[in-house]
Amino acid sequence: MLKGSRTNTIYLDHGATTPLDSAVAAAMQPYWSDLYGNPSSLHTTGRVAARAVEDARETYAEWLGARPREIVFTGCGSESNNMALRGVMWAAMSSGIRGHLITSAVEHNAVGATALQLRDVFGFEVTILPVDGEGLISVDDVAAAIRPDTVLISVMAAQNEIGTIQPWREIGELARSCGVVFHTDAVQLVAGRRWDLANEPVDLLTIAPHKFYGPKGVGVLYVREGVEMLSTLTGGGQEDGRRAGTLNVPLIVGAAAAFRLAQETREERLAHFLPLRERLITGVLESLPDVAILTGHRTQRLSHHASFAFRGLSGNDLLMHLDLAGIAASSGSACSSGNPKPSAVLQALGLGPEWTKSGLRLTIGLQNTAEQIDRTVEALARAVQKLEAMGQAIPA
Amino acid sequence: MTDPVSINPAEKRVVVAMSGGVDSSVAAAILVEQGYDVVGMMMRLWSEPGSGASAAANRCCTPDQMADARRVADRLGIPFYVLDVQDHFRQTIVQFFIDEHLAGHTPNPCIECNRQIRFTHLMNHALGLDADYLATGHYARIRHTPAGYQLLRAPDEAKDQSYVLHVLTQTHLARTLFPIGEYTKAEVRDLARRFGLPVASKQESQDLCFLGDGDYRRFLRQYEERVRRPGPIIDIDGRELGQHEGLSFYTIGQRKGLGISSAEPLFVVRKDAARNALIVGPRAALGQTELMAERVNWIGGVPDGPVAAAVKIRYKAQPISATVEPIAPAAARIRFDEPVAGATAGQGAVFYDGEICLGGGIITAQPSEQYASGPIALPVLQGEYS
């Protein structure tokens, strides 16, 4: 068959997904065709698989500082977010009275779209709090938004598009003091931090293993004991009745292997990411001082994350140029059907229309090197130059 | 292809304009087979927000067609990107279409789209991506001679698209490839099957790409109120015979639907935009021996004097013997050997010497002393290209 040949030689989109670690893949291997049982089955074949799932659960419990029964395996991070929001809001309904949800303007779609549906279709009260120019939510704003009927606050631990780490801890403490449940989408942050949920003010926490060299197709939701959550996927009673569906044992095993590995090598990974992130940020801002800005907080940000906006340019065009140069990145207004919208997150930062379609995110991984960073900075500068030259020729 | 001997395809990048249709898909496949570094691109143009399955089949650049183009690109292993040109297309081509009708002309927006969108905007993007060529699925050929590039008709006369490509200059042709121009439509479909492309049996897209249903009158009524401008229908002797609904709704040579009764058959002869009058006359009045064209492009360079050429006055017309005289700066006087009927202001008049397309322009409604002046508004290609 005809085949052009092209690959991305420099992958800088680890925020989207990461390659499966080989040790993790090896850990998963037995559970496809050898130890293939359904963990819900009574027989030995099933019990062997169930044991693997429980081991995985204990791994998460151990490294999160939580109890095994507080760990729920789901199909993905988005599902965990859906479960958290819907499950808690619906469970809090009594006599048909719908409670109040507080969230931020920069959540991942799995939280944002779910909140909007809860409001527009299901009639819940929802407050969406703004953020400042660096994407930070104000704890005072959260406090001011809390009402007697507030059931849940959902604020992400770190923002995926702009890297900003939110004051989730302070918000959690505030929620606790008001008797409000606190959920945080920790998908982007979870592998970069040592957790001790028994002693931290978080009631629900979302995890997506494919962001830290684990498999896609599995998610985790931490649900603190005592939090009332209605099941949103009902059926066979798996996961203590919280999430039905035959457990995907190999993926769950892989999820746990990846998390253990991430936590055990956390320091080394951070030591690898941080200098490269700094090199990238400095490189871009110094080579394109008049057109590029860093988006998100400069220091209170994910260790592997760099994001920029480029005045007057299109993020999609930049991605195209980078892709052809062998570099994989992403944009908050990326659209594969040629209909890019301004990024809601960049708009929430208060950026004007000349910036909001120009977002570019570069997220560093274990395989990236300093040389690759340098080549990326060059390729980006070249792409910007070409696009600026073209922009002057096309009528507005 | 352009200068095949000296090219090493592997060192050449080609952006292929892909529409999801069989022609551009096969064009891309041919280039991949030839070893070029191929990049697929589709432009998201503006088209009417519409509904209905039959409407969708006729419209260009729908999400379905995008999915088709992407599937072909994936099958070929080439990158595929979509350029958002919606606003630009709406403001140039769609608006041009409306404005021309308001002025009493019958435009060919595909000519304008090639001029401004495909071979300027898209070509600039392609060159910006370090492409050496822009390729399309057009039925036409490019020949490289010591004297420069020539645009040739396609062997498949029914499919030949040189008419809408008359706007291309030497600068464009040096950077353009028409991979399927040598083939007939039947051969192209065959190739699609041989390449295993998923679009082999797709329906042809018809009509103007931005119309939801192919009905330009309905479109004009909906998008531009001012086209509904009733005015007098006047015969060539000056007698007023009735009322028309708006000049846009009539075509030169039209006989039916005029709402007037007469002893002999009457045809639309001319649209007088200045008086908002529809001029009708007997069949004999349809003939014209002389036409003026503006925005004329001579692909091989402006000749020193009048040249003999066969001229097409519509896309689907037969070329008719004429003498074409260039008039500076960018006009031409076309004198036909025999009177021709149906020449319409706004349509392209394209000149041929056998299979060679010499160039062409847009038929003007102005009297010969008042043809449009000024060079063609052909936006300049970026960069160092002359």
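Trainee: Why is A:Glu173 called partly exposed?
Mentor: In this predicted model, A:Glu173 has a relative accessible area of 42%. Buried means under 20% and exposed means over 50%, so 42% falls in between and A:Glu173 is partly exposed. A:Arg169, at 32%, counts as partly exposed too.

Trainee: What makes A:Arg169 and A:Glu173 a salt bridge?
Mentor: Their side chains meet at 3.8 Å, N to O. The cut-off is within 4 Å, so the pair counts as a salt bridge. They're four residues apart in helix 7 of chain A, which means about one helical turn separates them.

Trainee: How do you know that A:Glu200 also forms a salt bridge with A:Arg169?
Mentor: Here the N to O value is 3.0 Å, and the limit is within 4 Å, so that one qualifies as well. A:Glu200 sits in the loop between strand 6 and strand 7 of chain A, while A:Arg169 is in helix 7, so the pair ties together parts 31 residues apart in sequence.

Trainee: And is A:Glu200 buried or exposed?
Mentor: Buried: its relative accessibility is 4%, and the cut-off is under 20%.

Trainee: Which residues make up the salt-bridge network here?
Mentor: A:Arg169, A:Glu173, A:Arg193 and A:Glu200 are linked in it.

Trainee: Why are strand 9 and strand 10 of chain B called edge strands?
Mentor: Look at the open sheet of four strands, ordered 9-8-11-10. Strand 9 and strand 10 each pair on one side only. For strand 10, five bridges join it to strand 11; pairing takes at least two, so those two strands count as paired.

Conventions
Residues are numbered from 1 along each chain as its sequence is written. Chains are lettered from A and ligands numbered from 1 in the order in which they are written. This is a predicted model: local features need pLDDT of at least 70, side-chain atom pairs count only at pLDDT 80 or more; totals for chains, interfaces and linings use all residues. Side-chain values use heavy atoms; hydrogens and water are left out. Buried means under 20% relative accessible area, exposed over 50%, partly exposed in between (1.4 Å probe, protein chains only).
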